[in-house]
Amino acid sequence: MGLLRRPDLAPNLWDRIRPGQVGWLFSPAANAVVALLTLCAVAAVIARPRIVTGMSGLVWADSLAFTLSFAVGSWALVLVHELSHILAARSLGVRAELSLGTRLQFLVVQTKVTGVWRLPRRRRYRAHLAGMRTDLFLVAVSACALYVAEHGLARLVLAICASQIVWQFLFFMRTDVYYALANAGGNKNLMADAQAYLRERKSGRDRDRPVGVRVYAWFLMAGRVLGLAFLVGYTIPITVAICRQAVAESQPATLVVVAFGWALYLWVFAHGRLTALRSPPGS
């Protein structure tokens, strides 16, 4: 039997983090701080609506400065989001790995949490929703800061983190909300089961699937259609518009940033597909 056992994974950087070192970040007291700040932020927005209506100030005249600032800010805050998942996983004593991946046409940073399904269902939510909790915390802090005084950095953080929260509700992809829904339904392979159900319907074989899988399958199909429409109707046109403005402003650095982003996406996408094809079934 020992010969058939899978080799243990080599320790990674995050394994050095002990549960006792980060558990306090997810304590009832920490949750109370996040809740209190959120209430303060709501009150600030009600008292001063311009906190959320003044986002047009983010779009600067210099396309290069805006593109670089938004790109750097987005990636930095995405890393903070994913680090939250890692810390949550380590606070639960389970392994976490950080990597690049793709969701439809989007390049993403992703955290793979190994062994979380061995934990009680209620505890698993911590690992799934830790990133959104951090985004909410940063949105609340930024809104409170903007109530006191206008600041470009606070507005940038508010815009990026708010968009990250909205993104997580696109649960036809493997987002935080998708994993929370899968956890709520007790279905570790919700997306795979939904895809199998759709294939069965297409081939005329209608196996008896749980209601949750059948309902999610239609959300999945509608989301893929919307994702394609977003690619054609927004992602490609906005990319073309940015490149045209960069050419008009003689800003080759903007073109380099855009080209690098698309090249990185295509490399990660191709690498992921090749890895999946080379992996043995069930691995």
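This section describes a strand hairpin and the aromatic contacts of a predicted model.

Strand 1 (residues 95-103) and strand 2 (residues 106-114) run antiparallel and are joined by nine bridges. Among the bridged residues, E97 has K112 of strand 2 as its partner. The two strands form a hairpin in which two residues lie between them. In this turn, L104 adopts a positive phi of about 55°.

The model contains seven aromatic pairs. One of them is formed by F171 and F219, whose ring centres are 5.4 Å apart. The planes of these two rings meet at 55°, so the pair is classed as tilted, the class between the limits of 30 and 60 degrees. F219 is partly exposed, with a relative accessibility of 46%.

In the pair of Y265 and F269, the ring centres are 6.0 Å apart. Because the planes are at 25°, under the limit of 30 degrees, this pair counts as stacked. Y265 and F269 are both in helix 10 (residues 252-278) and, being four residues apart, are separated by about one helical turn. Y265 is buried at a relative accessible area of 10%, whereas F269 is partly exposed at 31%.

Ring pairs also link F106, W167 and F230 into a cluster. A further contact with an aromatic ring involves R48, whose charged end sits over the ring of Y147 at 4.6 Å from the ring centre.

Technical notes
Residues are numbered from 1 along each chain as its sequence is written. This is a predicted model: local features need pLDDT of at least 70, side-chain atom pairs count only at pLDDT 80 or more; totals for chains, interfaces and linings use all residues. Side-chain values use heavy atoms; hydrogens and water are left out. Two strands pair if DSSP finds at least two bridges between them. Rings of Phe, Tyr and Trp (its six-membered ring) pair if their centres lie within 6.5 Å; planes under 30 degrees apart count as stacked, over 60 as edge-to-face and the rest as tilted. Buried means under 20% relative accessible area, exposed over 50%, partly exposed in between (1.4 Å probe, protein chains only). A charge sits over a ring if NZ of Lys or CZ of Arg is within 6 Å of the ring centre and within 35 degrees of the ring normal.
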